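Here is a short report on one protein model. Please look over the sequence and the fold before reading on.

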Amino acid sequence: MDFFLQQVFAGVASGAIYACLALALVMIYNTTGHINLAQGEMALISTCAAWSLMQAGVPYPLAFALTVAGSFLFGAAIEIVLIRRFADASALSLVVVFVGLLLALNAIAGWVWGYTIKTFPSPVEGLSTGTALIGAHSLYIVVVATAMLGLLFAFFRLTRTGLALRAAAMNPVSAKLSGVRVNRMLALGWGLAASIGAVAGMLIAPVVFLDPSMMLSVLLYGFAAALIGGLDNPGGAVVGGVLFGVVENLVGAYVIGNDLKLVFALATVVIVLLVRPQGLFGRTVVKRF
């Protein structure tokens with residue numbers, strides 16, 4: 001029973017990270033209608049920047065805050081400089097842009113920080129939770145991810161800027177007619193998504209270590225979580241992330257082993273697309289031609 005609970009708690013911790021990435025993917029999808037394939041590499045660049053700050057002697061809390069703020073500016077700049085220029089491009093053109101951005105950021109990470117595996121510090125390293133069911137870093141992941149998701153929920157529900165961002169994502173034309181500066185909201189959405197991804201990267205780096213391929217599999221897990229919850233439902237993405245984290249951990253522990261977890265994630269994506277492409281909490285969209 002203790003082993004089962006350990007796997008559940010570990011799955012919740014992993015699911016919190018998947019939920020963060022899924023939420024970032026959903027935010028970009030709601031504003032552009034496309035999946036940001038470079039979301040993981042954007043998080044990789046942010047995590048490498050945080051590592052450099054800490055190597056330079058910056059304390060972890062300050063490095064964490066600076067990375068989140070810098071990632072916001074980084075994400076907004078990508079939208080303004082690159083993505084906005086393809087606003088009227090075809091879906092295939094945008095896919096090429098996202099793939100190119102992924103490859104470019106991955107190459108930059110390898111060029112600047114190298115391809116050697118690095119250890120990323122945890123602020124709770126050496127601490128104990130007093131129980132064998134959950135480790136200190138896993139508990140830290142859950143606390144930080146929950147706090148961030150709570151702040152985002154409050155931002156979207158209780159602030160005028162959050163309401164404007166939701167309006168711009170749901171119906172840009174109507175939002176513009178209502179006085180909402182849609183372009184500014186799109187940049188804000190990309191900035192927030194980059195900050196969320198940066199938090200996810202800094203949370204997962206102490207577990208998987210830091211190298212240019214760190215976020216490739218994690219992004220796939222986040223994509224599977226977003227599909228399960230629904231690509232048009234931010235709350236569903238969070239629930240899908242936690243649910244997928246728990247199920248993936250239990251299946252890996254009892255059925256397929258840890259080596260086939262990536263295959264399980266791919267199979268989950270295919271099954272969801274075949275059976276319920278809108279996800280558990282998404283809505284079915286009907287278009288007239």
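The sections below cover the fold, the surface and charges, the cysteines and one tyrosine.

## Overall fold

This is a predicted model. The protein has eleven helices and zero strands. Read along the sequence, the pattern is α-α-α-α-α-α-α-α-α-α-α.

The radius of gyration is 19 Å. A compact globule of 289 residues would have a value near 19 Å, so the protein agrees with that expectation. The C-alpha trace spans about 55 × 45 × 35 Å along its principal axes.

Take the contacts between residues at least 6 apart in sequence: 76% of them join residues at least 24 apart.

## Surface and charge

Of the 289 residues, 47% are buried. The accessible surface comes to about 14300 Å². Carbon and sulfur atoms account for 69% of that surface.

The protein carries 14 positive and 9 negative side chains. The centres of these two sets lie 20 Å apart.

## Cysteines

How many disulfides does the structure hold? The count is zero. A disulfide is a covalent bond between the sulfur atoms of two cysteines.

The cut-off for a disulfide is 2.5 Å between the sulfur atoms. Cys48 is likewise in no disulfide, and its nearest cysteine sulfur is that of Cys20, 18 Å away.

Are these cysteines buried or exposed? Cys20 is buried, with a relative accessible area of 0%. Cys48 has 4% relative accessibility and so counts as buried. The cut-off for buried is under 20%.

## Tyr221

Where is Tyr221 found? Tyr221 lies in helix 9, which covers residues 214-229. Tyr221 has a relative accessible area of 9%, so this residue is buried.

Which residues does Tyr221 touch, leaving aside its neighbours within four places in sequence? Tyr221 is in contact with Tyr18, Phe244, Glu248, Lys261, Leu262 and Ala265.

Asn249 gives another distance to check in the viewer. Tyr221 and Asn249 are 28 residues apart along the chain. Their C-alpha atoms are separated by 12 Å.

Note on methods. Residues are numbered from 1 along each chain as its sequence is written. This is a predicted model: local features need pLDDT of at least 70, side-chain atom pairs count only at pLDDT 80 or more; totals for chains, interfaces and linings use all residues. Side-chain values use heavy atoms; hydrogens and water are left out. Helices (H or I, at least four residues) and strands (E, at least two) are DSSP runs, numbered from the N terminus. Buried means under 20% relative accessible area, exposed over 50%, partly exposed in between (1.4 Å probe, protein chains only). Contact means heavy atoms within 4.5 Å. The radius of gyration is taken over C-alpha atoms; the globule rule is 2.2 Å times the number of residues to the power 0.38. Accessible areas come from the Shrake-Rupley method with a 1.4 Å probe; for residues, only the protein chains shown count as cover. Lys and Arg count as positive and Asp and Glu as negative; His and the chain ends are not counted. The place of a charge is taken as NZ of Lys, CZ of Arg, CG of Asp or CD of Glu.
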